[in-house]
Amino acid sequence: MISLRRSKVMKLLLTSNYAAAYGAKLARVEIVAAYPITPQTQVVEKLAEFIEGEELKATMIRVESEHSAMAACIGAAAAGARPFTATSSQGLLYMYEMIWWAAGARLPIVMGVVTRAIAPPWSIWSDHADILSIRDSGWIIIFSESAQEVLDNIIQAYRIAEHKEVLLPVAVGWDAFTSSHTAEPVSLPEQELVDSFLPPRTPEPFVLDVNEPISHGNLTYPDEYMEFRFLINEGLERARKVIREVGKEYGKLTGREYGLIEEYKCGDADVILVTLGSMAGDVKDAVDILRKEGYHAGLVKLRCLRPFPREALLNALREARAVGIVERSFSMGRGGIIATEINSLLRESGVNDVVTVSYIAGLGGREIGVNDFINIFKSLFKKMERGSGFEVVWYGLRG
Amino acid sequence: METRFLEVKWVGRGGQGIVTASRLLAEVALRRGKYAISIPMFGAERRGAPVVAYNRISDEPVRRKGPVRKADILVVADYRLLSMVNFFYEVKEKGLILFNADRVPPPLLNASKKVALVNATAIALKYGLELSGLAIVNAPLLGALIKVSSLAPLSTLKEVMKMYWGEEGGRRNFLCAKEAYEEVKYIT
């Protein structure tokens, strides 16, 4: 096997959108079906360029909606091909029916989601309400902090989706504008290396074949439906191990290892912030600044939202005295979606001597940066004295 | 608190090439062995509307992606934007404002910050860098910025411009950049 560290690495200045297109190209996707929506459009534009320039041997299916985009991916995957699509916000909601179909049919589709706020009021900026709307559908959901991670995650997503123990679609998320349009240095692995990591898809026995006709999606009677749902969950539970193994193998090839979560200076931390996406970079800088001032602060970055990284999270958080979950998502009438999950994980695991605070922040692209995270950390260092409890805070709300 | 970054804020109008300028600056920094990111702020993009972009340049990987609140260098592509935004507040104490104007804008005469001036519009028009009556001022502003920041030699900018705009486009843009590099001057 070739080691990328020894072979030639090309470093390009890429936005996360372009990194996604390069990732799909390196994964040798065969079908691209997508409908343009801000801020996803450049992903598909770049792929169209690759196909036009014969750098990528794939078919671009021009569809009239996101619903059709996912339907085309479902057809392609059901026939044994390797499809890719990308969308955002309203587009993801428009394909919602097909989202459940893709997971229910156990099809290894990979989709980029440029996470953006849902209207009304109209907004094109960063928010995680869209991607979290597919949380319970059976899709694997992976989130990216940087353009490098977008590229790496898309390549790994095909290995995970097509794994015989998994066979489920994977959504790879990255933040609108903050990531999608921000240009960063990205190491581009060589095609040869990606080929050795990700061979062509070997179709399962149930793929559609005109010579051996079968049909998908028939009526399932009450005697069978529950078993199908149970088996989807089994696949998702097994995906946890597969994601880790794939992330480790990718690390051996590229020097960039991936897990279900990333821990940053959590070992001795009294206060840990949990976040995801581009915010994680700003939190790392905040942690370093606070550590110089003597605060024991740490970060847990959620890479994988589904399957939920139960054991990894518990392991990282159980010694903390306060845990703040900063997220761009909210369940109306309840609290932060990820925060309530983490809070219940801690309580159901018998970890009661910890204060958990759900910070709702950055909705619709509201600015949030290093100084905000320092403020949040400092307020958690005060709150931890309470010893226990759960609270929801809308951070930065105008009075 | 943090001094390991060079943070640049670009302010201009849609059509002046501000987002591209920020991108090219990151490319220049990358070629000088630095880490750099280019962050454009998007809204309802239209010609003439205010546009903002940022750069963070460092010897270490740049992790933070929040907007630059206090810049080391503020580049203002249209001085009339001065009446709309308080740019002075957005520059660090020892920061620099690089202005595109033919004369010193009155509010800057008493500025406590360092101010540099270049007539990027005139230079762009001289070389025909104009689209629908709007001068594309990113190339001269990049030339001037390379000079005042000492970030890279002109030759690096030349390479990057050639990569982005090809032989002829690169040559014309570089002539603009070179002229601005030579003409930019400090006024405070």
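This is a predicted model: local features need pLDDT of at least 70, side-chain atom pairs count only at pLDDT 80 or more; totals for chains, interfaces and linings use all residues.
Reader: Is β10(A) mostly covered or open?

Author: Mostly covered: five of its five residues are buried. A:Val271, A:Leu273 and A:Thr275 point one way, while A:Ile272 and A:Val274 point the other way, and all are buried.

Reader: OK, zoom out. What is the strand order in the whole sheet?

Author: The order is β9-β11-β10-β13-β14-β15 in chain A, an open sheet of six strands with mixed pairing. At the edges you'll find β9 (261–264) and β15 (389–394), each pairing on one side only. On average, neighbouring strands are turned by 20 degrees against each other, direction ignored.

Reader: In which sense do β9(A) and β11(A) pair?

Author: They're antiparallel, over four bridges. One spot to look at is A:Ile261, which stands opposite A:Leu302 in β11(A).

Reader: What about helices, which strands does α10(A) touch?

Author: α10(A) packs on the sheet and touches β9, β10, β11 and β13 of chain A. Its direction makes about 165 degrees with that of β11(A). Another helix, α12 (residues 337–348) of chain A, packs on the sheet as well. This one touches β10, β11, β13, β14 and β15 of chain A, and its direction makes about 155 degrees with that of β13(A).

Reader: Switching topic: how is chain A divided into domains?

Author: Domain 1 covers 10–254 and domain 2 covers 261–394. Their C-alpha centres lie 28 Å apart.

Reader: How many residues are in contact between those two domains?

Author: 29 residues of domain 1 of chain A are in contact with 21 residues of domain 2 of chain A. On the domain 1 side, α9(A) has the largest share, five residues. By class, that domain 1 side has 15 nonpolar, eight polar and six charged residues.

Reader: You mentioned α9(A). Where is A:Thr254 found?

Author: A:Thr254 is in helix α9 of chain A. A:Leu188 is 66 residues away from A:Thr254 in sequence, and their C-alpha atoms are 9.7 Å apart in space.

Reader: Why does A:Thr254 count as buried?

Author: Because A:Thr254 has 21 C-beta neighbours inside 10 Å, and the cut-off for buried is 20 or more.

Reader: Now the two chains. How many residues of chain A are in contact with chain B?

Author: 18 residues of chain A, in contact with 16 residues of chain B. β8 (183–188) and α10 (279–292) of chain A each supply at least two residues of the chain A side. α10(A) gives the most to that side, with five residues. By class, the chain A side has seven nonpolar, six polar and five charged residues.

Reader: And what ipTM does the predictor give the complex?

Author: The ipTM is 0.93, and the pTM is 0.96. For chain B, the average pLDDT is 90, and 95% of the residues score at least 70.

Definitions and conventions: Residues are numbered from 1 along each chain as its sequence is written. Chains are lettered from A and ligands numbered from 1 in the order in which they are written. Two residues are in contact if their C-beta atoms, placed from the backbone, lie within 7 Å. Ala, Val, Leu, Ile, Met, Phe, Trp, Tyr, Cys and Pro count as nonpolar, Asp, Glu, Lys and Arg as charged, and the others, Gly among them, as polar. Two strands pair if DSSP finds at least two bridges between them. Axes are lines fitted to C-alpha atoms, for helices over the stretch in contact, and angles run from 0 to 180 degrees between N-to-C directions. Domain bounds come from an automatic or database domain assignment. pLDDT is the predictor's confidence in each residue, from 0 to 100. A residue is buried if 20 or more other C-beta atoms lie within 10 Å of its own, exposed if 12 or fewer, and partly exposed in between; C-beta atoms are placed from the backbone.
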